[in-house]
Amino acid sequence: ILISLKMFQVRQLDRRILEVSKLGFRTCIVPKVAQKAFKACADDTVKLIACATLQEVVSEIVLQSFSA
């Protein structure tokens, strides 16, 4: 079984980021292919991290946990 490790674009990303902010999250990992969408909805309350693959996601999570 092969599993694709690419991240794909998400519909209504701006609404999802807003909901994440309301729930109290301060960091959100988003698909790199959606950079145009999240540039428009980015604000100072949620740090957006763009990743293209699952490997990048795991790397970011590890970096975040060690830097905290």
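A search of the whole structure finds zero disulfides, a disulfide being a pair of cysteine sulfur atoms within 2.5 Å. The structure is a predicted model, in which local features need pLDDT of at least 70 and side-chain atom pairs count only at pLDDT 80 or more, while totals for chains, interfaces and linings use all residues. Residues are numbered from 1 along each chain as its sequence is written, and side-chain values use heavy atoms, with hydrogens and water left out.

**Confidence**

- The mean pLDDT of the protein is 78, and 79% of its residues reach 70 or more; pLDDT is the predictor's confidence in each residue, from 0 to 100.
- Where pLDDT is low, the predicted coordinates should not be read in detail.

**Architecture and burial**

- The secondary structure comprises three helices and two strands, taken as DSSP runs numbered from the N terminus (helices: H or I, at least four residues; strands: E, at least two).
- From the N terminus on, the order of the elements is α-β-α-β-α.
- Of the 68 residues in the protein, 22% are buried; buried means under 20% relative accessible area, exposed over 50%, and partly exposed in between (1.4 Å probe, protein chains only).
- Gln12, in the segment before α1, has a positive phi of about 50° although it is not a glycine.
- Gln12 counts as partly exposed because its relative accessibility is 47%.

**Cysteines and nonpolar core**

- Cys28 is buried because its relative accessible area is 13%, and Cys51 counts as buried because its relative accessibility is 1%.
- The largest nonpolar core has eight residues: Leu13, Ile17, Val20, Cys28, Val30, Ala34, Val46 and Leu48.
- Such a core is a set of buried Ala, Val, Leu, Ile, Met, Phe, Trp, Tyr and Cys residues joined through side-chain atoms within 4.5 Å.
- In soluble globular proteins, nonpolar side chains tend to be buried together.
- Leu18 is placed in helix α1 and is partly exposed because its relative accessible area is 47%.
- The C-alpha atoms of Leu18 and Val46 are 8.7 Å apart in space, with the two residues 28 apart in sequence.

**Salt bridge**

- The count comes to one salt bridge, defined as a side-chain nitrogen of Lys or Arg within 4 Å of a carboxyl oxygen of Asp or Glu.
- Lys32 and Glu56 form a salt bridge through their side chains, at 3.8 Å from N to O.
- This pair links distant parts of the chain, 24 residues apart: Lys32 belongs to the loop between β1 (27-31) and α2, and Glu56 to helix α3.
- Lys32 counts as partly exposed because its relative accessibility is 35%, and Glu56 counts as partly exposed because its value is 29%.

**Surface patch**

- Leu54, Val58, Val62 and Phe66 make a nonpolar surface patch of about 400 Å².
- Patches consist of residues with over 30% relative accessible area and no salt bridge, with like charges joined within 9 Å and nonpolar side chains (Val, Leu, Ile, Met, Phe, Trp, Tyr) within 5 Å.
- Accessible areas come from the Shrake-Rupley method with a 1.4 Å probe, and for residues only the protein chains shown count as cover.
- Val62, found in helix α3 (residues 54-67), counts as partly exposed because its relative accessibility is 37%.
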